[in-house]
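Here is a short note to read beside the structure. Keep the 3D view open and find each residue as it comes up.

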Amino acid sequence: MTYRQARWDEPSVWDLAPLPPAEAAPPVPGLPERMRRKERVRWPELSELQVLRHYTRLSQMNFGIESGPYALGSCTMKYNPRVSEVLARRKGAAELHPNQPEATVQGALEILWRLERLLAKVTGLPEISLQPAAGAHGEYAALLMVRAYFLERGELHRRTEVLLPDTAHGTNPASAAMAGFTTREIASKDGCVDLAALKAAVSDRTACFMLTNPNTAGLFESQILEIAETVHDAGGMLYYDGANLNAILGITHPGRMGFDVAHLNLHKTFATPHGGGGPGAGVLGAGEKLGPYLPIPRIVKNGRKFRLDYDRPKSIGKIKSSYGNFGLDLRAYAFAISHGEAGLQHVARRAVLNSNYLAQRLGKSLPRPFQTLVKHEFLLSGTPLKAHGVRTLDLAKRLLDEGIHAPTIYFPAIVDEALMFELPETESRRDLDEYAAAFERAVHDTPEHLHAAPQNLAVKRVDEVRAAREPTLSWKDLRRRTANHEKAAPMSSPP
């Protein structure tokens, strides 16, 4: 068969055999008249190509770990290995249903059980629950467990206070308040908990002291054993915020430090997907005292069979509709077993090495508040820039123009104009050097350029207050706001 190019004036196939006109879908039988649409749905009228270009353009505008180093301190934005993605997307994992009979999901239950045993060793806390959906969810559940413990002992009427260091993550006081406790802040001394201030604050009102170690200044709480003894002598519980576990993974653990309960962020320490609103995994670990209060169900092994055990009378109950986010748990398990015990220790050592290397480089441009070795992250202060009318926010925006992600800014509050950097073990020395060079260019740029940044992105500085008060969350919101804006705008010329 041969082909020839058609002449422009020849009839097309559509002229010879036109398509039948599109017909409206028949009405649904039994649907009441009052529920029938009176007009057509106003769908956005876009071609497939337009939709494809739109989402491709959005992906290019976004910044992720695949784009470059993601230095958000206390968030541990590390690379998620693609082998873990492949495993999690296999049919046997991705198509599981939470209501399947236990006999049909024995493999999944075994993986979860094995992950629990692995995390028990990592935390030094023997009882593990994978149920919480995120770190803050794990915090809240842990405080509900503390509450249940003191309720059973008849002490809840006076154990009403949760103590927090002034370096605490913002979710800590929120979780405590949601669990019905009041909060009290403990001051820092040289970046760590002031033990004297803690001893003055603990009392028979103390239910719990919430702490992460290393803390958000990147410093190891060297007096942690004295802190634990102080809290326990007052009859309180010690809670471990596991956001910073990456720095001590396989080296030491919360159980050895005297913590009674802990949450872990699998998306920080075990390289499962991070951000985007979920799904997450805020694993809970508990010692002997609080273990009976962990959420139900718990996974139990009987011989070679696994089952979900709901018979835990002291449990705080179910805190999620299904047991956990299996896809994330599977990714974390793959990450852990592929590294092995020695590999997980290397993760922590490399993370600490990266942090100290970058701290020495960047500390030549801006002052470091605590001149000592750090763990997984470190702080700088942008205070000298204020003499030139430049704020930390300006510097962070300028870094975006360099094609790198800015660090966490203005946290913790114990450091003026704080910048918090964390570049984990997945970043190479070359990555660190390139990041440092970009930072040095940005910090020595002119105030005019810093104030105008970012200039190379699709979006300039946004009005964050207005965005929070008037969020545009749907196509209808966008149409309504656009219409209102057009009505309010003055006409440039008479009609």
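A salt bridge is a side-chain nitrogen of Lys or Arg within 4 Å of a carboxyl oxygen of Asp or Glu. Keep in mind that this model is predicted.

1. Asp-445 forms a salt bridge with Arg-398, and their closest N and O atoms are 2.7 Å apart. Asp-445 sits in the loop between α14 (429–443) and α15 (447–452), while Arg-398 is in helix α13 (residues 392–401). The two are 47 residues apart, so this pair links distant parts of the chain. Buried means under 20% relative accessible area. Asp-445 is at 18%, so the residue counts as buried. Arg-398, at 13%, is buried too.

2. Next, look at Arg-441 and Glu-402. Their salt bridge has its closest N and O atoms 2.8 Å apart. Arg-441 belongs to helix α14, and Glu-402 to the loop between α13 and β13 (408–409). They are 39 residues apart. Arg-441 counts as partly exposed, at 46% relative accessibility. Glu-402 is partly exposed as well, at 22%.

3. Glu-341 forms a salt bridge with Lys-121, with the closest N and O atoms 3.4 Å apart. Glu-341 lies in helix α12 and Lys-121 in helix α5, so the pair ties together parts 220 residues apart in sequence. Glu-341 is exposed, at 52% relative accessibility. Lys-121 is exposed, at 59%.

4. How many salt bridges are there by this rule? The count comes to 28. Arg-153, Glu-155, Arg-158 and Arg-159 are linked in a network of them.

5. Turn to the nonpolar side chains. The largest nonpolar core has 57 residues. Leu-119, Leu-130 and Phe-270 are among the members that touch the most others. Several elements supply at least two residues each, including α5 (106–123), α8 (195–201) and β6 (206–211). Helix α12 gives the most, with 11 residues. Leaving aside neighbours within four places in sequence, Leu-119 is in contact with Ile-128, Leu-130, Leu-264, Leu-266, Phe-270 and Val-283. A second, separate core has 34 residues, including Cys-192 and Tyr-435.

6. Finish with helix α7 (residues 171–178). Which of its residues are buried? They are Asn-172, Ser-175 and Ala-176. Seen down the axis of α7, these fall within an arc of 100 degrees, so they line one face of the helix. They pack against α6 (135–152), β2 (161–165), β3 (182–186), β6 and β7. After α7 comes Gly-180, whose phi is positive, near 95 degrees.

Conventions. Residues numbered from 1 in each chain as written. Predicted model: local features only at pLDDT ≥ 70, side-chain atom pairs only at ≥ 80, totals over all residues. Heavy atoms only, no water. Core = buried A, V, L, I, M, F, W, Y, C linked by side-chain atoms within 4.5 Å. Buried < 20%, exposed > 50% of the residue type's maximum accessible area, 1.4 Å probe, protein only. Helix = DSSP H or I, 4+ residues; strand = E, 2+ residues; numbered from the N terminus. Contact = heavy atoms within 4.5 Å. Arc of directions from axis to C-beta.
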